[in-house]
Structures are given as C-alpha cells and as structure tokens.
Amino acid sequence: MEIETYKDIFKSKNGRIYLEQLPHLEKIRSGQSFLYRKNGNESMIMELSMHDLVDADLLEKALLRSLSRYPYLTSKFIQVDGDFYLSANFLPMKVVETLRLRPLGGLETNYHLVDITFYEKRFMSLIIMPFAMVGESCLLSEN
C-alpha cells in the first residue's frame, strides 16, 4: 500500500495491527520517572548535517514511510488516574522548517511525542525518552 497521507498510515497492515493492540497495552512504567521532571520530559535530539539543502517534500515522504512501518511513533500520552498510557493520535505529524526545538506532546506538535524539523542543510529529530524506551517493547513492525 502506498502511503500518501498521514491517515493512510492507519489503513496499512502495521497501522491496523497497532490500532488493534493499543487498547491492550498496560500503563507505562519504563522510564515513567522522566514524566515527572521539574522542567518537563527528558528528550533525545538527533541532528544531521547534509551536503545539500534539505528537501521538505522528500523529508515528509520519508516521515510518512517511517511512520507506516513503526506506527507506534504516531502515539500520544494520555493520563488516566495519574497513570500514563499510549493513545492513538490521528492528528497529522508535519515536518516544519525552523531552527527552534518545539515542545513535544503539546498543541504545536499536535500532541506528538516525536518532532522532525529542518533548516537549510540540517534536520533534527526530537523524541521523548520514555516513549523511545516504551516503543522498543510495544509493537514491533512485521516488515
């Protein structure tokens, strides 16, 4: 299946498996201490410098392809009775041209726990650490 839009991710085989399994996940325990930090969530930033200018359209296509393979990266956190759970996030994740790191899990990133930005010849990936740890054990891609 060709992934052309963010919504197509949830129609793919991996996306359907993700949505089926999501209600059965237990509350998040791994890395949960990071959720209560005084100044917000611990994050991991990866920055790559390119020889050429970053092509926003190609980066957006690469993001969609990656998300279709690992749909748990589309998740958001929800809090229920003081516990955190992963929840489906149907709001689109968009690549944005900026030098600024945007806050994860908020309105500016459509509540996503991952953000991809670029500026000229470099691009950055920002991810909340406990989410990175949870993702490894959550749902593995069948591709």
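## Close-up views of aromatic pairs and the nonpolar core

View 1. With a relative accessibility of 9%, Phe 10 counts as buried; buried means under 20% relative accessible area, exposed means over 50%, and partly exposed covers the range in between, with a 1.4 Å probe and protein chains only. This is a predicted model, in which local features need pLDDT of at least 70 and side-chain atom pairs count only at pLDDT 80 or more, while totals for chains, interfaces and linings use all residues. Residues are numbered from 1 along each chain as its sequence is written, and side-chain values use heavy atoms, leaving out hydrogens and water.

**View 2. Phe 10 meets Phe 90.** The structure holds three aromatic pairs; rings of Phe, Tyr and Trp (its six-membered ring) pair if their centres lie within 6.5 Å, with planes under 30 degrees apart counted as stacked, over 60 as edge-to-face and the rest as tilted. In one of them, the ring centres of Phe 10 and Phe 90 are 4.8 Å apart and the planes stand at 65°, so this pair is edge-to-face. Phe 10 belongs to the segment before α1 (13-21) and Phe 90 to the loop between β3 (83-87) and β4 (96-97), so the pair ties together parts 80 residues apart in sequence. Helices (H or I, at least four residues) and strands (E, at least two) are DSSP runs numbered from the N terminus. Phe 90, at 48% relative accessibility, is partly exposed.

**View 3. Tyr 70 beside Tyr 72.** Here the ring centres lie 6.3 Å apart with planes at 65°, so Tyr 70 and Tyr 72 also form an edge-to-face pair. Tyr 70 is partly exposed at 32%, whereas Tyr 72 is buried at 9%.

View 4. Tyr 6 and its contacts. Ring pairs join Tyr 6, Phe 10 and Phe 90 in a cluster. The largest nonpolar core. A nonpolar core is a set of buried Ala, Val, Leu, Ile, Met, Phe, Trp, Tyr and Cys residues joined through side-chain atoms within 4.5 Å. Among the 25 residues of the largest one, Tyr 6, Ile 9, Leu 59 and Leu 67 touch the most other members. At least two residues each come from α2 (56-69), β3, β5 (114-119) and β6 (122-128), and α2 gives the most, with four.
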